[in-house]
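The following report is meant for a reader who is meeting this structure for the first time.

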Amino acid sequence: MTLKYILKRVGVFVVTLFVISTLAFIAFSIIPGDPVTRMLGMNASEERIVEMRSELGLDKPIHTRFFKWLQSFVTGDFGKSYSYSIPVRELLSDKVLTTASLSLMAFVFVLAISMPLGLLLSRYSIISSKGAKSSFQRAIISAATALNQIIMSIPPFFTGIIITYVFGLILRFFTPGAFVPYSGNPAAFYAYLIFPALSIALPRSAMVIKLIRGSVLNEAGSDYVRTAYSRGGGQWYVLLVHIMRNALIPVINFLAMTLSDIVAGSIIIEQVFAIPGMGRLLLLSISNRDYPVVQTIVVIIASVVVILNLLADVICQYIDPRIRIT
Amino acid sequence: MFAFFIGRVYHVLTRVPPYGGCEVQYEGESSKMKHARRTIVVLLCVTMLLLMVAGCNRNEPQESQTQTESPDTTEPVRDDIVIGIAQDIDVSLDPHLMTSAASRAVLFNVFEGLVKPTPEGFLAPAVASSFEISESGDTFTFTLRDNILFHNGEPVTAQDVVYSISRVSGFYNDGTALIPAFSIVESVTAEDENTIVIKTTVPNIEFLSFLTAAIIPENYDAQETAPVGTGPYMYVSRSPQENLIFEKFDDYWGDVPSITHVTYRILDNTEALMMALRSGTVDFCSHLMSSQMAELQGLGYNFEIGTMNLVQAVYLNNAVAPFDNVEVRRALAHAINRSEIMDVLADGLGVPVGSSMYPAFSKYFTAELADYYDYDPQKAKSLLSEAGYPDGFTMEIVVPSNHGPHIDTATVVVEQLREIGVTATIRLVEWSTWIDDTYRGRNFEATVVGVDASAMTARAMLERFSSTNGSNFINFSNAEYDEVFAAAISATNDEDQVLLYKELELILTQQAANLYIQDLCDIIAINEDISGFEFYPLFVEDLARLYYK
């Protein structure tokens with residue numbers, strides 16, 4: 001990892017964020033709707049609208065507003081929310097924590113579910129592909145693959161509704177709508193997030209399991225695998241030590257994508273479970289035309305995606321030196 | 001299965017040293033490979049750890065469930081209430097800058113004006129203990145209530161009242177009234193410690209109903225984030241998109257509320273709101289649909305059915321063809337089947353209206369106007385032919401996408417218009433687009449919305465249709481209407497004024513300015529242990545009257 005490489009990645013990071021925030025700003029100026037008229041509603045007087053617009057600096061041309069925003073953003077001043085009249089930083093701190101907790105928990109679930117099950121399924125798939133297994137085991141594998149396929153095709157929000165209904169209303173494992181903020185009671189906060197996180201994690205885990213199995217089976221026919229077996233390596237040993245090393249590359253890339261998808265997907269799950277997170281705030285701020293909040297959230301989400309991809313690259317290079325950039 | 005898996009991993013782990021030891025015997029196995037093996041081992045360990053963490057986490061909900069449920073089951077009497085609201089109070093909490101109806105409904109419990117509305121539709125003294133309106137209708141004299149306190153413990157002085165009224169009237173900024181009706185205020189002065197006199201530039205006896213505008217302390221500048229008023233409840237905290245918390249104000253001048261803690265929980269997703277209601281975490285929720293009421297039957301709620309206090313109509317842009325032709329508008333009015341719409345929307349609940357006035361304004365409301373145009377497609381067709389449209393025409397109905405009832409209404413209207421040969425299409429727009437483009441830009445043919453009143457006056461409903469009014473989004477222009485309106489607002493006698501306002505309503509109906517439909521029904525679910533709920537003629541919810549049985 002040379003200095004040049006690091007500089008290049010940082011450069012890409014900065015340019016990406018700049019382009020995205022510019023596009024978001026322009027998109028916002030093009031779509032109809034105006035924060036001031038939205039706020040003042042149907043009983044607003046013309047004078048009041050003009051006055052408020054100049055209070056918020058909205059009477060200035062778009063490039064002036066953009067650079068003013070950029071300037072204060074870079075210096076750490078995220079501005080003040082139009083609709084809530086409180087600083088964006090204050091408004092977002094709780095929401096970012098909530099969404100980050102939810103996303104991380106969902107990611108942990110994805111790993112916890114997909115890694116063991118994926119490996120297990122792979123192991124038995126390898127054996128069965130060698131034709132040495134009973135019809136019972138083949139049936140199990142077919143059933144597992146089919147189940148996996150079904151879970152994968154159910155969208156998270158629907159899983160969310162089913163989970164709320166079954167675990168919330170029938171089994172009473174949790175109380176729908178009774179979200180507790182982190183500051184109120186951290187334990188209850190995490191407890192409430194379990195089922196939403198599970199709703200996000202299930203379809204994603206199914207995808208990772210399928211990917212692990214496919215990837216492993218792809219490698220299983222290679223010469224090096226046959227060599228490893230013939231050298232006396234056991235099923236698990238060859239799978240974990242030889243096959244996985246190669247099979248993990250696409251999985252890790254996919255996991256990085258998954259994590260950024262989870263962050264974006266939490267927007268929908270937050271709606272279903274009434275979690276006051278960043279996603280719900282983003283939706284509301286867009287419909288309120290609350291530019292300072294939207295811009296900040298867009299930059300946060302873009303940064304997460306870029307950083308995760310960078311992380312995936314680094315991990316892959318660590319595992320497979322062949323893709324290391326020289 | 002997991003135990004087996006863990007066992008095998010352990011097996012592999014324990015085999016690492018010997019394999020590492022004889023790795024020189026393997027052709028091509030380098031130290032990098034060894035490195036990689038270690039990586040995988042670490043990865044697996046992490047996975048196991050995560051599994052265990054996840055396993056532990058899964059046990060938690062049972063514990064928290066017992067925690068959250070215990071107050072319901074063990075304590076028979078509660079002193080808190082949780083109110084579910086579908087729309088966040090997403091504006092500044094400053095009462096003079098607050099504009100959305102939803103915010104007004106909530107902060108009605110925190111702020112009071114010199115007078116405040118009653119459920120019967122009258123104005124009762126609040127911060128003022130009594131008031132007097134001069135014969136000429138342009139001088140309002142108020143006597144300040146004795147020993148009245150703000151939530152921060154400071155006494156309310158005549159100076160605070162002068163400050164509040166001056167502030168809404170725009171005396172402290174460039175002269176733009178924060179609430180448009182206050183632009184007629186000429187002066188506000190404190191005659192002595194207890195007497196405040198407000199003078200207006202023109203006589204306006206209805207101005208009193210705008211004096212429900214909040215009285216706030218003069219030397220306090222955090223109204224936007226930590227509002228202080230004189231109402232029965234005081235503001236405690238708010239977390240955007242999560243909740244809003246009030247507590248009763250023990251030094252309230254009137255009857256101190258019975259319920260101590262109030263939590264407004266923001267549940268802006270219908271599904272989430274229903275789940276919360278079904279699980280019993282919410283005690284009070286308004287604006288439900290009749291289907292939702294049916295779903296909640298037998299789950300411990302009582303239902304109150306009232307109206308939303310708005311006029312829902314297909315508002316027509318009177319300035320664009322063919323709606324600039326009164327015959328066309330009348331033809332459409334005959335084509336609308338109100339009862340069918342009301343059946344589809346809420347099983348017939350709601351009150352039909354025939355002009356821009358809703359029933360809660362009982363003094364002004366003329367119920368018969370709803371029957372002015374009977375449902376008669378044949379007549380509608382012949383009127384259309386006479387107006388020069390024998391084959392009908394095409395039109396577009398703009399509907400804000402966040403209002404389910406309006407979308408449903410538009411859908412039924414499209415079908416009804418099809419019967420008389422008019423092809424209507426629906427265009428859904430975001431609320432802010434609607435405000436900007438449709439309402440302010442007046443760039444539309446027809447739109448389905450509900451129009452409400454910001455204060456308890458007929459003027460708030462009828463003023464917008466005078467031809468030069470800035471809020472006349474339908475471009476209604478009628479010389480007779482303007483004339484009668486001018487007479488109505490300058491009337492100094494209440495009876496005359498009522499008659500004039502009724503005349504205005506009749507003109508709107510005769511001119512078929514809009515296709516009037518109904519005042520939508522408002523269904524409220526309340527925990528069956530709570531009593532005392534009353535509807536107001538305004539869009540507000542008075543919590544101070546609620547109590548546990």
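Two residues are said to be in contact if their C-beta atoms, placed from the backbone, lie within 7 Å. This is a predicted model, in which local features need pLDDT of at least 70, side-chain atom pairs count only at pLDDT 80 or more, and totals for chains, interfaces and linings use all residues. Residues are numbered from 1 along each chain as its sequence is written, while chains are lettered from A and ligands numbered from 1 in the order in which they are written.

By an automatic or database domain assignment, chain A is divided into domain 1 (3–74) and domain 2 (94–319). The C-alpha centres of domain 1 of chain A and domain 2 of chain A are 34 Å apart. Between them, 14 residues of domain 1 of chain A are in contact with twelve residues of domain 2 of chain A. Of the side of domain 1 of chain A that touches domain 2 of chain A, the largest share, nine residues, comes from H1(A); helices (H or I, at least four residues) and strands (E, at least two) are DSSP runs, numbered from the N terminus.

The contact between the chains takes 65 residues from chain A and 62 residues from chain B. On the side of chain A that touches chain B, H5(A) gives the most, with nine residues.

In chain B, five of the six residues of strand S1 (residues 80–85) are buried, so S1(B) is largely enclosed by the rest of the structure; a residue is buried if 20 or more other C-beta atoms lie within 10 Å of its own, with C-beta atoms placed from the backbone.

| Strands | Sense | Bridges |
|---|---|---|
| S1(B) and S10(B) | parallel | six bridges |
| S1(B) and S11(B) | parallel | two bridges |
| S15(B) and S16(B) | parallel | seven bridges |

Within these pairings, Val82(B) has Thr263(B) in S10(B) as its bridge partner, Gly84(B) stands opposite Cys285(B) in S11(B), and Val398(B) is partnered by Arg427(B) in S16(B).

An open sheet of six strands in chain B has the order S14-S18-S13-S17-S15-S16, with mixed pairing. Strand S14 (351–352) and strand S16 (423–429) of chain B stand at the edges with a single partner strand each, so one side of each is left without a neighbour in the sheet.

Methods:
A residue is buried if 20 or more other C-beta atoms lie within 10 Å of its own, exposed if 12 or fewer, and partly exposed in between; C-beta atoms are placed from the backbone. Two strands pair if DSSP finds at least two bridges between them.
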